[in-house]
Number of protein chains: 2
Amino acid sequence: MTTAQASGETRPGGRTARTRQAVLAAVFEELGEGGFAALTMEKIAQRSGIHLATLYRRWRGVEGLVCDLLTGLSADVPLPDTGTLPEDLRVLSRAIAVFYRDDRRRSLIEAVVSAAVRDPQAATLLRTFFAERSELYGRLVTRAVERGEVPADTDPEQVMAALGAPFYYRLLIARGAVDPALAESTATAVWAAVRAGAYKKADTADGTHDGR
Amino acid sequence: MTTAQASGETRPGGRTARTRQAVLAAVFEELGEGGFAALTMEKIAQRSGIHLATLYRRWRGVEGLVCDLLTGLSADVPLPDTGTLPEDLRVLSRAIAVFYRDDRRRSLIEAVVSAAVRDPQAATLLRTFFAERSELYGRLVTRAVERGEVPADTDPEQVMAALGAPFYYRLLIARGAVDPALAESTATAVWAAVRAGAYKKADTADGTHDGR
DNA sequence: AGGTTAACGCGAGCAACTTCGCGTTAATCG
DNA sequence: CGATTAACGCGAAGTTGCTCGCGTTAACCT
């Protein structure tokens, strides 16, 4: 009891981090070849060189793996700031389209959505992940409100959901390619809808919008 | 060889149809309680009273079951015809929202999307199913074009995709309830976008738009 | 440097899912 | 009405996926 490390300490440095990186890299590459359907624990073990039992111990299964990969997916898409909302929307929309041109990223989203249907833990992760993104990119809208470009009670999160929705419809339902045309039409549509006041706050609840 | 029924004939009448109906009903109810995650072949066998081996023989697995159920899902949503496109869009949007208030329907869509990620056959089914629906409800837009309400080269299928997208985003990504507010904002947004000409045909291809 | 103990490698063992062969039931037709 | 044969019921066998116990490696601390 003289030592400080005592009982159940976690040990994140060195080897642990290295195996994690190797495994997640293997998952990402494997997703590129055959998608989630072909994603077997055994294949990942082979490709990463990490033993099968270790994978099950740390990640429980393929659901856990893709979830971990999603959280580690850095926000490669920068926050646009062109000065006007329609341009910001267009830039962001194009960036999303480019983002999903990569089969590995596309398959990753498919995988997490599929996992979320089966596993409540994955569902929570997915929800919070996109909520954070919506909040982050919602700054575009907040700035536009401050500039007086759009109605003052425009809800940034609704706008960002509207911007993303067509892409995920294309990915998951229509199951077609995410092409530049989709990016353009989506940006145009959202801008028109925002101007028309389609995304006002508290459509369902009444009152108490902050008077700041 | 004198008989006409000869070799490998299928036999759709009577018992076969009855078991199919019993099984699909069991799947539908089971989806209501616990969703796709809790959908086990054995549970369906118990609830429907059909033997496990029969289920595997006819449907291969849970993916096949939910796919069959989707195709049998009759179009309960009628085609609106109020006289103006914005009203038609609003009525249809509300109908979709009501449609997905039923947990069984919601879980069914989740299940098929999840299955489509894993099974190419389910993916094809999903794509064609929604393509047919888009084509069907696209008549709303075609009529509006004929009335001169919207730009002549408005693409009906794009409009219908735009109308559906926010609901599936809510269902699959945000994983929240489909509330009336979503229906209203979606209808308003799509109408504004259509007026702004966001959904013109052949954004990606050049030239040769038909001169009628 | 040396001790302690997470984290990993390894193979066997367990459990759930899926399929197979055969006998039985009930559509379909002469 | 009687013959034929899909489709189904039944239990057992086969396969896959996952877990467990134990020995080994290498971080972390003094």
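## Interface between the chains

About 3100 Å² of area is buried between chain A and chain B, and carbon and sulfur atoms give 70% of that area; buried area here is the accessible area (1.4 Å probe) that two parts lose on being put together, summed over both. On the side of chain A, the residues that lose the most area to chain B are R118(A), Y169(A) and I173(A), which together make up 22% of what that side buries. This is a predicted model, in which local features need pLDDT of at least 70 and side-chain atom pairs count only at pLDDT 80 or more, while totals for chains, interfaces and linings use all residues. Residues are numbered from 1 along each chain as its sequence is written, chains are lettered from A and ligands numbered from 1 in the order in which they are written, and side-chain values use heavy atoms, with hydrogens and water left out.

The contact (heavy atoms within 4.5 Å) takes 37 residues from chain A and 37 residues from chain B. Between the two chains the count of salt bridges is zero, a salt bridge being a side-chain nitrogen of Lys or Arg within 4 Å of a carboxyl oxygen of Asp or Glu. Three residue pairs, both residues at pLDDT 80 or more, are in polar contact across the interface; the term stands for a pair of N or O atoms within 3.5 Å, where within protein one must be able to donate a hydrogen and the other to accept it, and residues adjacent in sequence count only if both atoms are side-chain atoms.

The elements of chain A that give two or more residues to the side touching chain B are helix 6 (103-118), helix 7 (120-137), helix 9 (156-174) and helix 10 (180-195). Helix 9 of chain A gives the most to that side, with 10 residues.

## Fold of chain A

Chain A has 10 helices and zero strands, helices (H or I, at least four residues) and strands (E, at least two) being DSSP runs numbered from the N terminus. Of the 212 residues in chain A, 48% are buried, that is, under 20% relative accessible area, with exposed meaning over 50% and partly exposed in between (1.4 Å probe, protein chains only).
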